[in-house]
Amino acid sequence: MTGPLLDVDRWRGLLRTRATDPYAVQRAYAARTQPERLLTARGTLFLVAADHPARGALASGGNAMAMADRRSLLARLITALEHPDVDGVLGSPDIVEELLLLGALEGKVVIGSMNRGGLDGATWTMDDRFTGYDAAGIADCGLQGGKMLLRIDDTDASTASTIEACAHAVSELAARGLMAMIEPLPYHRNDDGTLRLRKDAPALARAVAVGSALGRTSAHTWLKMPSCADLATVFGATTLPCVVLGGVPSPDPAQDLDSWGAALNEPVVRGLVVGRALLYPPDGDVRAAVDAAAKILSAAEAA
């Protein structure tokens with residue numbers, strides 16, 4: 001898979017810092033230039049997602065190990081973040097800190113990923129433990145909010161503990177005036193034990209309703225939802241601001257763009273949070289993939 005590669009001097013410099021100066025991370029958090037606002041002047045938000053490896057989800061575009069190459073992943077993220085329309089990143093602590101040390105997050109919105117313990121393919125995957133950022137750490141590090149994944153499987157009792165943990169995290173973030181970005185996704189377990197994301201309107205709208213009500217207040221809550229066939233029903237189930245989840249990329253990037261563009265026309269939808277579809281496009285051109293997504297967001301802003 002072709003694509004950008006972090007140049008050798010920056011890569012070796014990062015490795016040297018990691019090995020010899022652990023306090024460089026703390027200094028980088030403290031010195032980072034904060035974004036002027038969470039949303040653009042037009043009230044939108046465009047983030048690149050980079051928390052997949054923390055849950056052991058390394059595959060993209062038919063390559064089972066695509067995201068395992070950290071040097072390549074960081075180069076792709078930097079390329080995306082250099083685009084003027086990309087507002088920031090959603091990532092796990094390790095990736096956020098590496099981007100900080102590389103100087104890629106100045107003035108950018110940064111959302112810390114919180115629960116990554118429900119490893120991809122694990123039998124306990126629905127018991128999605130909080131193993132990343134916590135609310136206190138997000139505040140201390142000067143991040144703009146925290147993201148949590150809430151996969152809902154009515155046949156798996158582990159879902160209940162994840163719901164409860166997400167509710168606590170929403171309350172803790174809200175108490176600090178920070179965004180809580182919830183990704184509530186309904187799943188069905190197949191006979192062979194594999195999980196399938198449900199994209200029917202009743203299941204998605206139900207997940208929206210559950211996610212919207214978590215915690216002691218919803219004042220700082222955002223939802224991260226996939227596009228679907230019945231957008232009005234799903235996005236009509238909440239007044240909370242939403243962003244469109246890029247999700248697993250399809251073989252046809254144009255189809256993905258059309259789907260995101262349709263969702264962006266819903267009144268509660270404020271932007272995009274896309275990861276693998278932009279970082280690992282079929283042709284390897286990260287800049288072009290990001291630019292195409294930025295254009296559909298601009299078109300929705302102008303509508």
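Student: Is T125 buried or exposed?
Tutor: This is a predicted model, where local features need pLDDT of at least 70, side-chain atom pairs count only at pLDDT 80 or more, and totals for chains, interfaces and linings use all residues. Residues are numbered from 1 along each chain as its sequence is written, and side-chain values use heavy atoms, without hydrogens and water. Buried means under 20% relative accessible area, exposed over 50%, partly exposed in between (1.4 Å probe, protein chains only). T125 has a relative accessible area of 3%, so T125 is buried.

Student: Which residues does T125 touch, not counting residues up to four places away in sequence?
Tutor: Contact means heavy atoms within 4.5 Å. On that basis T125 touches R55, G118, L119, R151, R189 and L195.

Student: How much space lies in the largest pocket?
Tutor: A pocket is an open set of points on a 1 Å grid over the protein atoms alone, where a 1.4 Å probe fits, with protein on both sides within 12 Å along at least five of seven lines. Its volume is the space filled by probe spheres set on the points, joined across faces, edges and corners. For the largest pocket that is about 990 Å³.

Student: Which residues lie nearest the centre of the largest pocket?
Tutor: Lining residues have an atom within 4 Å of a point. The largest pocket has 41 of them. Nearest its centre lie Y187, L197, G247, V248 and R276.

Student: How much space lies in the second largest pocket, and which residues are closest to its centre?
Tutor: About 350 Å³ of space lies there. Of its 21 lining residues, the closest to the centre are P253, A277, Y280, P281 and P282.
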